[in-house]
Amino acid sequence: MKKNRCLCLIFGLILWLSCQGAGGVVLKKGQGDDGPISLAKEVEVFRDPTGKVTMNDIVSESQKYSFVREDIRSLERYSNDALWIRVSLQHDEGTPIDWVVQIFPGWIDEVEMYCVSPDGKISSNKIGDQLSFSEREIKSSIMAFPLVVDSTARVHYFRVKTHGLTILDLNLWQKSVFDRVELKRSLFFSAFAGSIGVMVLMNLIFWKWTRDPNYLIYSLFLVVMLGAVFAVQGYASSLFFPEDPVYADRFVDATTCALMAISAIFVCRFFNYKEYSHWASRFTYLAASIFLLATVLALCGIIENSIRWLLYLEIVVGAFNTTFIFWFIVRRKVFHQFFAALVFVIVNSSWLFYCMVLLGMVRLEQSFVTESLIQFTQLANLAILNIAVVSRSRDSELKLRAERKRAFDSMKIAKIALEERVRQREFVAILSHEFRTPLAIVDAVAQALGLSPSGNDERVKRSVEKIRKATRRLTTLVENILLDDTLESGARSTVRSFDIWSVIENVRNIGLPDEQVRLNVTAAGQPVMFEGDQEKIEMAIRNLILNAIKYSPADSMVDVKCDASSNIFSVTVSNRGNPIPESERSELFERYFRGGNSSLVPGSGLGLHISRAITRLHGGDVVLVSSNGAGTVFRLTLPLLPH
C-alpha cells in the first residue's frame with residue numbers, strides 16, 4: 001500500500017511539472033454571458049509529426065515535448081501532423097461551473113480531450129467528424145466537449161488529428177448560453193430549410209408552366225446549396241449519417257464541390273454567356289466539369305487533400321464571373337440585367353469571402369463569425385437582396401456620418417481635457433512653489449518658539465502645537481496632491497536599490513512629539529534591500545501611519561509591525577479607532593473618498609489611495625486586514641529582491 005501511494009505521489013509530481021507554464025485562463029464573473037470566449041491566443045501548442053505521441057508520453061517525458069504559446073488560428077492550414085493543445089482553466093467566485101469547449105470547424109477528423117485534475121488524475125473524451133455522432137456526449141451539430149471549470153486550475157490537453165484543410169479554433173461557452181445558441185441555430189436552419197423548400201416548389205411550378213430550364217437549374221442549385229450548408233454546419237453527421245462517420249465526412253467535400261459546379265452552370269445560363277462570348281461560356285463549363293468530377297471523387301474519398309485547389313479555382317471563377325458580367329452589361333448596354341447582376345455579385349462576393357477565410361487569406365478574430373457569414377450568404381439567396389443592398393448602403397452612410405461626428409466630438413473633448421490638464425498641472429506647480437516654502441518657514445518659527453523661554457508657558461505650548469499640526473497637515477496635503485499628480489501623469493520614478501529599514505527609521509519620527517510617543521514600532525535591524533523609489537515608498541508608509549493616528553483616540557497607541565520574509569516585506573499598522581462600516585470598505589482606496597466617520601477629522605481622502613497606488617506600482621499592495629470593535633488593521637506588502 002505504501003509503495004502504491006509513493007508511486008501515485010511521484011506520478012502526480014511529474015504531471016504537475018509537465019503542466020507548469022500551460023496557458024492559463026481565469027474566467028471572471030460576467031465572461032461568456034453573451035457569447036463564446038476564444039481560447040485561440042491563450043493556449044500552448046506542440047506538433048507531433050509522427051502522430052504516435054500519447055498522453056502518457058507527455059506526462060512521463062514532459063521535458064521532451066516543448067509546448068509553445070501560439071495563436072492556433074494562424075497555424076499551417078494543410079498539415080497531417082497531430083496537434084497537441086494545452087490550456088489551464090479555472091474560474092473566480094460567482095462564475096458558472098458548467099461550460100462547453102467548441103471545436104471549430106465541424107469537420108475535424110479526431111479530437112481527444114484530456115483533463116488533468118490537481119491530484120494527477122486524467123480523464124478523456126473523444127469526438128470527431130470520422131467518429132460516430134451517436135457516441136458524442138453533446139448531441140449538437142457543433143463538435144463540443146462538456147467541461148466543468150471550478151476554482152482550482154485544471155490543465156486540459158486537446159489532441160487534434162485531421163487531414164486537408166484546417167481552420168482551427170477553440171471557443172469556450174457557458175453551457176446555458178451554448179444551449180440557447182444551439183436552439184437558435186436549429187430554429188434558423190429549420191426555417192431556412194422550409195424557405196428553400198417553398199422556393200424549390202415555386203421554381204418547379206414555374207418550370208412546368210414556362211418550360212424554361214433556368215427554373216429547373218435554379219431549383220437544383222437551391223437543393224444542393226441546402227445540402228452544402230447543412231454539411232458545413234455539421235448537420236451531415238447528426239441528420240444524414242449519424243452511424244456512418246466516413247460518409248458524413250465525404251458528404252461535406254462532395255456537396256461543396258457540387259455547389260460550385262451547379263453555381264457555375266446556373267450563372268452561365270442565367271446571363272446567357274454563349275450569346276456574348278463563346279470562350280467565356282466554355283471556360284465556365286470547363287470549371288463546372290472539374291467541380292462535377294471532384295464531386296464524384298469526393299464521394300469515393302479520393303480528393304480529401306485537394307479541396308484547397310478547388311477553392312482556389314472557385315475564387316478564380318467567381319472573380320471572372322463578376323468581371324465578365326459587368327463588362328458585357330456596360331459593353332452591350334443591357335442595363336435591364338443590372339439589378340440581377342448586382343444580386344449575383346453580392347451573393348458571389350459573400351461566397352468568395354468565405355472561401356478566402358477557409359484558405360487563410362482573410363483572418364477573422366472570432367471563428368463563430370464564419371458561421372454567421374454562411375447564414376448571411378444563404379439568406380442573400382432568398383430574393384430580398386434588393387432591400388438589403390439599399391438598407392446597407394443607407395446604414396453605411398449614416399454610420400460613416402456618425403463616426404465622423406463622434407471623431408470630431410472626441411477631438412473637441414480631448415482638446416478641452418488637454419487644456420484642463422495643462423491648467424491643473426500649472427496650478428499644482430504654483431501650489432508646490434507658493435505653499436511649501438512658507439509652510440516650512442512657519443513650522444520652523446513655531447518650533448523655535450516652542451524651544452524659547454516663552455515656550456514654557458502652557459498657552460504658548462498649545463498654540464505652537466496647533467500651528468505645527470496645521471502646518472504638517474497642509475504640508476502633507478501638498479505632498480499628496482503633488483504625488484497624486486505625478487502618479488496619474490505616469491512620470492518615471494527614481495529607481496534604485498536601498499535598505500528598506502532606513503525608511504522605517506525615518507517614519508519613526510513622524511508627527512509631533514505627542515504623536516510620536518503613541519507609536520509602537522516593532523522592526524528588526526538587519527539590512528533588507530529593495531529596488532524602487534525610496535521617497536515614494538516612505539510616503540506610502542507615512543500615509544498609513546498618519547491615517548491610523550488621525551482616526552484613533554488621542555490617548556491610544558498605534559502599533560506598527562514590520563516583518564521581512566524571504567521574498568516579502570510587510571508593514572502592519574493597527575489602531576484602536578472606530579470600525580469602518582461594511583458599506584464603505586469597497587471604496588476605501590478610491591481617490592478623495594472620505595467615510596461617514598471622518599466628517600470631524602480634517603483630511604483630503606488621498607492618503608490610502610496614494611499608498612495603494614505607490615505599492616502597486618512597485619509590485620505590492622495595501623489591503624484592509626480587519627476592522628472591528630478592537631480596532632482597524634491595514635497591511636502594506638512589497639516584493640523583495642531575490643537573494
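Me: Which residue forms a salt bridge with Arg616, and how far apart are the closest N and O atoms?
Reply: Arg616 pairs with Asp621, with the closest N and O atoms 3.1 Å apart. A salt bridge here is a side-chain nitrogen of Lys or Arg within 4 Å of a carboxyl oxygen of Asp or Glu. The model is a predicted one, in which local features need pLDDT of at least 70 and side-chain atom pairs count only at pLDDT 80 or more, whereas totals for chains, interfaces and linings use all residues. Residues are numbered from 1 along each chain as its sequence is written, and side-chain values use heavy atoms, with hydrogens and water left out.

Me: Which residues are linked with Arg616 and Asp621 in a network of salt bridges?
Reply: Arg612 joins Arg616 and Asp621 in that network. Arg612 also lies over the face of Phe589, at 3.7 Å from the ring centre. The criterion is NZ of Lys or CZ of Arg within 6 Å of the ring centre and within 35 degrees of the ring normal.

Me: Why does Arg616 count as partly exposed?
Reply: Arg616 counts as partly exposed because its relative accessibility is 47%. Asp621 is also partly exposed, at 22%. Buried means under 20% relative accessible area and exposed over 50%, with partly exposed in between (1.4 Å probe, protein chains only).

Me: How many salt bridges does the structure hold?
Reply: The structure holds 14. One of them is between Arg47 and Asp81, with the closest N and O atoms 3.9 Å apart. This pair links distant parts of the chain, 34 residues apart: Arg47 is in strand 3, and Asp81 is in the loop between strand 4 and strand 5 (82-91). Helices (H or I, at least four residues) and strands (E, at least two) are DSSP runs, numbered from the N terminus.

Me: What about Lys175 and Asp179?
Reply: Their side chains meet in a salt bridge at 2.9 Å, N to O. They are separated by about one helical turn because they are four residues apart in helix 3.

Me: On to aromatics: how many aromatic pairs are found in the whole structure?
Reply: The search finds 24. Among them is the tilted pair of Phe46 and Phe67, at 5.7 Å centre to centre with 45° between the planes. Phe46 is in strand 3 (residues 44-48), while Phe67 is 21 residues apart from it, in the loop between helix 2 (55-60) and strand 4 (68-69). Rings of Phe, Tyr and Trp (its six-membered ring) pair if their centres lie within 6.5 Å; planes under 30 degrees apart count as stacked, over 60 as edge-to-face and the rest as tilted.

Me: How many residues has the largest nonpolar core?
Reply: That core has 51 residues, and Leu222, Met225, Leu259 and Leu310 have the most contacts inside it. Its largest share, 13 residues, comes from helix 6. A second, separate core of 36 residues includes Val507, Val560, Ile610 and Phe634. A nonpolar core is a set of buried Ala, Val, Leu, Ile, Met, Phe, Trp, Tyr and Cys residues joined through side-chain atoms within 4.5 Å.

Me: Where is Val111 found?
Reply: Val111 is in strand 7 (residues 110-116). Its relative accessibility is 0%, so Val111 counts as buried. The C-alpha atoms of Val111 and Arg159 are separated by 5.6 Å, although these residues are 48 apart along the chain.
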